[in-house]
Amino acid sequence: MDKLSAEQRHKNMAAIRGKNTKPEMIVRKGLWSRGFRYRLNSPRLPGHPDLVLKKYRTCIFVNGCFWHGHEGCSKIPQTNREFWEAKIRRNQERDIEEQKRLAEMGWHCITIWECELKPSKREDTLKSLVYTLNKIWLDDHRVNNGVYPAIEEESGSYLKAAEE
Ligand SMILES: [Zn+2]
């Protein structure tokens, strides 16, 4: 670390802290273009979720497979194996603990793994994310009101389809 220039160090720290990392940008752009609005890195919530969608009472974490120990996905280096295993295990435990606290506060938590955002999987991942968010919204409103809210734009075409 000491041999790094200030600029390199800054880059490394940014990568470690995960701000504006590429996988996160994919999720942000994907949701934004589909009309979802969110806040970033909310400092007041446990774990500082990458995206917070208040309307959906949902926190989204975009996790690097290595640092967060994605099961069966990332390989632990042979060198200093015990060190890395302990470190990653601590990260996993912290993730679980933070999501538990969020759940207690009434938030839904969604974790998206870096490997799910590879070009070949990206669209499916975003699609299923949107599906999950819509389901959360419907479930919340069903519990609160006892009925599904009317979906204005769609009702006309449903009727038409029924008539035909
Ligand atoms: Zn993975």
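## Close-up views of the sheet, the core and the loops

**View 1. Opposite Thr58 stands His108 of strand β4.** Helices (H or I, at least four residues) and strands (E, at least two) are DSSP runs counted from the N terminus. What you are looking at is a predicted model, where local features need a pLDDT of at least 70, side-chain atom pairs count only at pLDDT 80 or more, and totals for chains, interfaces and linings use all residues. Residue numbers start from 1 along each chain, following its sequence as written. Strand β3 (residues 58–63) runs parallel to β4, and six bridges link the two; strands are said to pair if DSSP finds at least two bridges between them. Helix α2 (residues 22–33) packs on the sheet, where it touches β2 (51–53), β3 and β4. The direction of helix α2 makes about 145° with that of β3, the axes being lines fitted to C-alpha atoms (for helices, over the stretch in contact) and the angle, from 0 to 180 degrees, being taken between N-to-C directions.

**View 2. Here is the whole sheet, an open one built from four strands.** Its order is β1-β2-β3-β4, with mixed pairing. β1 (39–40) and β4 are the edge strands, each pairing on one side only.

**View 3. Ile60 has Ile110 of β4 as its bridge partner.** From β3 the chain passes through helix α3 (residues 81–104) to reach β4, a β-α-β crossover that is right-handed.

**View 4. β2 and β3 form a hairpin, with four residues between them.** The two strands pair in the antiparallel sense over three bridges. Take a look at Arg57 in the loop between them: its phi is near 45°, a positive value in a residue other than glycine. Arg57 counts as partly exposed because it has 15 C-beta neighbours inside 10 Å; buried would need 20 or more other C-beta atoms within 10 Å and exposed 12 or fewer, with partly exposed in between and C-beta atoms placed from the backbone.

**View 5. Asn80 also has a positive phi, about 55°, although it is not a glycine.** You will find Asn80 in the loop between β3 and α3. Asn80 counts as exposed because it has 11 C-beta neighbours inside 10 Å.

**View 6. β3 is mostly covered, with six of its six residues buried.** In a regular strand the side chains alternate between the two faces of the sheet. In β3, Thr58, Ile60 and Val62 point one way, while Cys59, Phe61 and Asn63 point the other way. Across the protein chain, buried residues make up 19% of the 164 residues.

**View 7. The largest nonpolar core gathers 19 residues.** Val27, Leu51, Leu53, Ile60 and Ile112 are the members that touch the most others. Two or more residues come from each of α2, β2, β3, β4 and α4 (122–145), and β3 gives the most, with four. Such a core is a set of buried Ala, Val, Leu, Ile, Met, Phe, Trp, Tyr and Cys residues joined through C-beta atoms within 7 Å. Leaving aside neighbours within four places in sequence, Val27 is in contact with Leu51, Ile60, Val62 and Ile112; contact asks that C-beta atoms, placed from the backbone, lie within 7 Å.

**View 8. Pro23 lies in helix α2.** Is Pro23 buried or exposed? Pro23 is buried, because 21 other C-beta atoms lie within 10 Å. Pro23 and Lys118 are 95 residues apart in sequence, yet their C-alpha atoms are 8.6 Å apart in space.

**View 9. Confidence in the protein chain is highest in strand β4 (residues 108–113), at a mean of 97, and lowest in helix α5 (residues 152–163), at 43.** Over residues 151–164 the pLDDT is below 50, and beyond near neighbours in sequence this stretch has one contact in the model. pLDDT is the predictor's confidence in each residue, from 0 to 100. The protein chain averages 83, and 74% of the residues score at least 70.

Definitions and conventions: Two residues are in contact if their C-beta atoms, placed from the backbone, lie within 7 Å. A crossover is right-handed if, with the strands pointing away from the viewer, the path from the first strand over the helix to the second runs clockwise.
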